[in-house]
Amino acid sequence: MNWRTIIYVVLLVSLTVAKALPRTSRDVEGKTSIGQRFSQLHENNFKAIALIMFAQYVPGGTFGRAAGMAERVTALARSCAVAARDSPDCLKPLDRIFFDTICQEKNLPRIADCCAKEDSERNDCFLSLKNFSQGFIPPLRRPDSEAACRNYSQHQQPLTAYFTYEVSRKHPFLPAPTILSVALRYEEMMKRCCGGVEGSSQHLEECFRTQAPKVVKPVREDVLRQEHTCGILKKFGERTLKALKLTQISQKFPKADFVTVHKLVMDVADMHKDCCRGDMLDCMQDREDILQYVCSNQHILSSKIQQCCEQPLLQRSECIIHVENDDKPADLSPHVREFIEDKGICERFAQEKDTHLARFLYEYSRRHPEFSAQMLLRIGKGYEDLLQECCRPGAPSGCRSRGEEELRKHIYETESVMRTSCDIYNERGDYYFQNELLMSFTKKMPQLTSAELIKFTKEMTTIGSKCCQVGQDKLLPCAEEKLDLVLGEICRRHLADPINPGVCRCCSSSYAFRRPCIGKLEVDESYVPLALTPGLFAFHGDLCTTEEEKLQHRKQEMLITLLKYKPQISPEQLGSVTAAFSAMRERCCGEANPEACFLKEGPELIKRSEKMLSA
């Protein structure tokens, strides 16, 4: 059976693979042997999962060695299933068999220390190698189209397996079902683009250009979501992650009671702990258990998930995540004044603080699908602060009554920020909206490279293009939750290579207030501006390109350099310098020799600009 068939079979059995594999953190005596696992999964499913595991746990290995280890483990499993069931090797836990197989390999980088340890310590050590591998392996690149098709026609089966291996080692925390679905899309792309042997090289290039994003984009999105969630767990802890999931699940299932929602929150948080730790088998099993519970309890959760639950298990999770929120119960009161007005509030707050706050967040979230999860967390924090102040001895009577006014003020401020941003976007369009963001973020974070600033602001502009077109009731969930992903990227970048004290404060102090905090940052006073060197502003013939996208990119790079040189530049000064630059560009691009013109006019422009900026 070839690798394509393997992948199809794995997708059909979906996460039942996980059900048959052992839970490394929950191993118990009397669990199913490797031979029985092999019989449950069948050979090709077992081998596909083994290849992914070896690729993820041995970041410095090669495809040949990972495939060889997968073959050996599969051979052992086959023999245990057929005859040697009572052999000591057949009775070992599956995770131990995997790690023993790795440790039998010679000259694999960075594994000697792990192999010197035993059982759970060895498992933890191998998990640390996953952390090490992130960022170490170069990203996947689109191959030369003709060479790729030639390779595909000659080595179709191992090529798909090799792609699976490459995705696995590049993304050591990505769950196996996701990797296998990506491999299937890759196989479909190769078949579509390389199916016509007589196709021209131009046709092949165009096919790969249009099809490759369909393979790569879902991986990037899954990785980004996973890194984001794991970043929240690592930086702000389990309590914050549970609060976030509480708001999201309460909005998704407003008819579910608090006990049911609380159970789901705990299960989802446990799943993320396993997934973020890198325990692939536990992660897969957790995910399936949650989906099984949700789909078995549709009647008490949501009327909107039936179609999702009818899908294959692999697609079911993604479907439920993106399905619209269920309708609110018809008898749900619009207010939660009992959390302010009831006489026993302070006593309940003192006796069971977290449970009381969780109930408030649950009740408020299920009533307000038009609010973002982050905003709901800020409302929850405001409520907690209110009770801490008003429940203390000697607090004035009526102290809690000011809570509603403060709440209205925060809601108005948040909605105003989003509306103003959309007004600018709708008025100015993508390019000029991104330039506004570039000016703001270059002043806030001048330590970022031009490429980083352009990337982050481009992502924010894409959010504007999507969210500024939706209705007012969907604006906040769309805009702030998508923006939160970009800010999470920036904060992880800061964690890897500190940006500045202001960013550090915003990324560290509070998850819920991260967006407002970064929004209020101004010019970084700790930044030492760039010195004016001969090569700082270089003007060349590439400014005369007729490709609008390339020209805009070049202009944005120059805008960033100008702001790093003069962070305190005023809008009037910027307008004057921009006008002078545009005039020079128009003049030189009309010359027979633009390069010579720029060589002459460029230094003059810099001198004139210096006078404008020093005025």
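Guide: The protein chain is divided into domain 1 (34-133), domain 2 (145-231), domain 3 (237-367), domain 4 (416-520) and domain 5 (541-614), and these bounds come from an automatic or database domain assignment. This is a predicted model, in which local features need pLDDT of at least 70 and side-chain atom pairs count only at pLDDT 80 or more, while totals for chains, interfaces and linings use all residues. Residues are numbered from 1 along each chain as its sequence is written, and side-chain values use heavy atoms, with hydrogens and water left out.

Visitor: How far apart are the C-alpha centres of domain 1 and domain 4?

Guide: Those two centres lie 43 Å apart, and the C-alpha atoms of the protein chain fill a box of roughly 90 × 80 × 45 Å along the principal axes.

Visitor: How many helices and strands does the protein chain have, and what makes a stretch count as one or the other?

Guide: There are 30 helices and zero strands. A helix is a DSSP run of H or I with at least four residues, a strand is a run of E with at least two, and both are numbered from the N terminus.

Visitor: Why is D279 called buried?

Guide: The relative accessible area of D279 is 3%, and buried means under 20%, exposed means over 50% and partly exposed lies in between, using a 1.4 Å probe and protein chains only, so D279 is buried. D279 lies in the loop between α14 (258-277) and α15, and the unreviewed UniProt entry lists D279 under "binding site", although such annotations may be inferred rather than shown by experiment.

Visitor: Is D289 buried or partly exposed?

Guide: D289 has a relative accessible area of 38%, and therefore counts as partly exposed. D289 is found in helix α15, and the unreviewed UniProt entry lists D289 under "binding site" as well.

Visitor: What share of the protein chain is buried?

Guide: Buried residues make up 49% of the 615 residues. The place of S250 is in helix α13 (residues 201-252), and S250 and H262, which are twelve residues apart in sequence, are 9.3 Å apart in space from C-alpha to C-alpha.

Visitor: How many salt bridges does a search of the whole structure find?

Guide: The search finds 43 salt bridges. Among them is the one between E406 and R402, with the closest N and O atoms 2.3 Å apart; E406 is partly exposed at 41%, and R402 is partly exposed at 27%. D89, K92, D100 and R122 are linked in a network of salt bridges.

Visitor: What makes a space count as a cavity, and how many cavities of 30 Å³ or more are there?

Guide: On a 1 Å grid over the protein atoms alone, a cavity is a set of points where a 1.4 Å probe fits but cannot get out, and lining residues have an atom within 4 Å of a point. Grid points are joined across faces, edges and corners, and a volume is the space filled by probe spheres set on the points. By this rule there are four cavities of 30 Å³ or more, and about 60 Å³ of space lies in the largest cavity.

Visitor: Which residues line the largest cavity?

Guide: The lining includes Q56, K130, F173, D279 and M280, and helix α15 (residues 280-296) gives the most to this lining, with three residues. Domain 2 (145-231) and domain 3 (237-367) each supply at least three residues.

Conventions:
1 Å grid on protein atoms, 1.4 Å probe; cavity = no way out; pocket = protein on both sides within 12 Å on 5 of 7 lines; lining within 4 Å. Salt bridge = Lys/Arg side-chain N within 4 Å of Asp/Glu carboxyl O.
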